[in-house]
Amino acid sequence: LRTLGADGVGRLFDRVIDLADEAYRLLEADPRFEVTSRPVLSTVVFRYRPPADATPEVCDRVNRHAREALLASGAAFVAATKVEERQYLKLTLLNPRTTHQDLAAVLDLVAHHAEEAT
């Protein structure tokens, strides 16, 4: 607050909120994913959508694998969460310097790792 002031911190906060909305829009437009709802703050809950004939258990396993592989690679961090007892992923945007390209790259990595497990 001393360095940026209240307005500066507010702009940074607004930026990460906008980034979460941008991630939501990317996920909504991408048939590889499903997203739970439009974010209210800076977190987006989503999951990779395996082929239509995949069981809920396979979908859970694929998303768990994608998260673990992404974490092991060190390229990005995506958290895990449950929605109605199913495995989902949680992307929390905290860095206001994140770009559209960064978001798209992380989603491509998630999809790549998920596809390895299908």
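Author: The secondary structure of the protein chain comes to 3 helices and 4 strands, where helices (H or I, at least four residues) and strands (E, at least two) are DSSP runs numbered from the N terminus. Read from the N terminus on, these elements follow the order α-β-β-α-β-β-α. This is a predicted model, in which local features need pLDDT of at least 70 and side-chain atom pairs count only at pLDDT 80 or more, while totals for chains, interfaces and linings use all residues. Residues are numbered from 1 along each chain as its sequence is written, and side-chain values use heavy atoms, with hydrogens and water left out.

Of the 118 residues, 36% count as buried, a term that means under 20% relative accessible area, with exposed meaning over 50% and partly exposed in between (1.4 Å probe, protein chains only).

Now to the salt bridges. Side chains of opposite charge can pair when their charged atoms come close. A salt bridge is here a side-chain nitrogen of Lys or Arg within 4 Å of a carboxyl oxygen of Asp or Glu, and by this rule the count comes to 7.

One of them joins D21 and R38, whose closest N and O atoms are 2.7 Å apart. This pair links distant parts of the chain, since D21 belongs to helix α1 and R38 to the loop between β1 (33-35) and β2 (43-48), 17 residues apart. R38 has a relative accessible area of 45% and is therefore partly exposed.

E34, with a relative accessible area of 24%, is partly exposed, whereas R47, at 12%, is buried.

D60 is buried, because its relative accessible area is 6%, and R86 counts as partly exposed at 25% relative accessibility. Salt bridges that share partners also join D21, R25 and R38 into one network.
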